[in-house]
Amino acid sequence: MEVLQKMISWLPQLLNGAKITILLTLTATCAGLILSIFLALGKMSRNKIISKVCSAYIFFFRGTPLLMQLYFLYFAVPLFLPALTINNRFLAAFIAYSLNSAAYCAELVRAAIQSIDKGQFEAATALGMTYGQAMRLLIIPQSIRRLVPPIGNEFIMMLKDASLVSIISLGDLTKVTRSINSSAATALVYIPSMIIYLIITAFFTFVFNRIEEKMAKKE
Amino acid sequence: MKKIASLLLAVCLLLALTACGSAKTETAAPAADASADASVTLTAGKLAVGVEIGYPPMEYFDEDGSTAIGFDVEMFTEIASRMGLELEIVDTAWDGIFAGLESDKYDMIMSSCSITPARQNSYLMGEPYVQNAIELLVPVDSDITGIEDVTGRSVAVQGETSSHDYLRDNDTGCEIRDYDKVINCFDELKLGRVDAVLTDSVVAAYYLGSDIDNYKVVWVNEEAEPIGVTYKKGNEALYNAIEEVLDAMSADGTTAKIATKYFGDASGVDGLR
């Protein structure tokens, strides 16, 4: 009983941490997804320079740890590019996570677009559509449906990667949990904290499933 | 068929792993109780020291990035050699360093650990071997003149240190920013993202020494928090052995010599033991 009371007393702090975790994941995945569409199209572009630049971007962000990217953006960039100094910690985290997420989503978007039968694109151009029209009206709407499950997966991964922000002293759910652990001298705090993570994950899994169903009906 | 085979393989692997894990704890447990024995350490002939390397001048890496140096490092290297033990340095994150002691990851902690009443309650704290207190560092042009001025300002500390405890326990009204490494606190101060850093005087002196034009100390906690070795509760055998060596090192001037090398003078260790 006493344990339960303790856990309830931690809830306000934990929920405050959860707020940052959710907000960061939501905004960064959305921004990353938008950016990723351009990256994916760029990588598939027939223009060699655009294609190479986009490939290099994706290679860089998938090839280095997110933790290091966050350190780099927040602590190292101000030292050699003072103009790009970001003092707001949430903004710094948002930018780092968006840039990182964009690289991963770009490969998902590319796979989704390339999974649409090439004949459709050829038919569209034969009918006189331009590349942009074919993409906008035909290919992208179809690939979005195939994109929902992997994006849901990326979102859930991001939710847990959000725990890395403790290095720039941003109080997400994991950081709050760890500091309660040391100040209250009990590791029991991991129980309500993990339950909160599961609730968040369950909620967003539900949301993504609904989106998938809605999209299926349109077909 | 293939699936079943791979599943079986995974189960076997898991079993093998747990077997290794339990075997390790079994050997560790009796060694810890062998206080009456000649061996006072977890593994006979070996002294394992838990330390968070990244706290200059107390414990940090040399410029090659892999050789541990610093006041504490030379102190426990000397202790191990005087006891005829092989030294094992266990570099660990500060957040979690006490949990590592509890779970027998190392024999003791010698990592600028201040002696505080709370720690004395939970662990066996040795006698002080170097003087320390927490200090408030600000940029030279700052208008903060003491701890009472931090209300409404941001102060960087290393998480779960006695500086962090000080800000949490006292109603200073400042925004506490805690970081994993003390160097990040100074990064933030340098970039102007925080107004002050609260840290151990041993570390403050080091940063002041290298950047005296940029920082100044505006407040020193009058309650000194000298640094001591941390042992697991009830481990009197190791306590007695190590403290005796520390006394001897103090008496023959070795401690003062090491202090002079890292702090510039021996005032921090004078008259402590």
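Trainee: How do β5 and β12 of chain B pair, parallel or antiparallel?

Mentor: In this predicted model, strand β5 (residues 108-109) and strand β12 (residues 230-231) of chain B pair in the antiparallel sense over two bridges. Two strands count as paired if DSSP finds at least two bridges between them, and strands here are DSSP runs (E) of at least two residues, while helices are H or I runs of at least four, both numbered from the N terminus.

Trainee: And what stands opposite B:Ile109?

Mentor: That is B:Thr230, which belongs to β12(B).

Trainee: What's the strand order in the sheet of chain B?

Mentor: The order is β4-β1-β5-β12-β6 in an open sheet of five strands with mixed pairing. Its edge strands, each pairing on one side only, are β4 (86-91) and β6 (124-125) of chain B.

Trainee: Which strands does α2(B) touch?

Mentor: Helix α2(B) packs on the sheet against β1 (46-51) and β4 of chain B, and its direction makes about 165° with that of β1(B). Contact means that C-beta atoms, placed from the backbone, lie within 7 Å. Axes are lines fitted to C-alpha atoms, for helices over the stretch in contact, and angles run from 0 to 180 degrees between N-to-C directions.

Trainee: At what angle do α2 and α8 of chain B pack?

Mentor: Helix α2 (residues 71-83) and helix α8 (residues 236-251) of chain B pack at about 110°, with their axes 10 Å apart. The two helices, α2(B) and α8(B), are therefore roughly perpendicular, a term that covers 65 to 115 degrees. From α2(B) the contact uses B:Glu78, B:Ile79, B:Arg82 and B:Met83, and from α8(B) it uses B:Ala241, B:Ile242, B:Val245 and B:Met249.

Trainee: Switching topic, how is chain B divided into domains?

Mentor: Domain 1 of chain B covers 40-130 + 226-263, and domain 2 covers 134-220, with bounds from an automatic or database domain assignment. Their C-alpha centres lie 25 Å apart, and 13 residues of domain 1 are in contact with 14 residues of domain 2 in chain B.

Trainee: How many residues does each chain give to the contact between A and B?

Mentor: Chain A gives nine residues and chain B gives eleven. On the chain A side, α3 (66-80) and α7 (173-183) each give two or more residues, and α7(A) gives the most, with three.

Trainee: Anything to note about numbering and confidence?

Mentor: Residues are numbered from 1 along each chain as its sequence is written, and chains are lettered from A and ligands numbered from 1 in the order in which they are written. Because this is a predicted model, local features need pLDDT of at least 70 and side-chain atom pairs count only at pLDDT 80 or more, while totals for chains, interfaces and linings use all residues.

How values were computed: Two residues are in contact if their C-beta atoms, placed from the backbone, lie within 7 Å. Angles under 35 degrees count as roughly parallel, over 145 as roughly antiparallel, 65 to 115 as roughly perpendicular and the rest as oblique.
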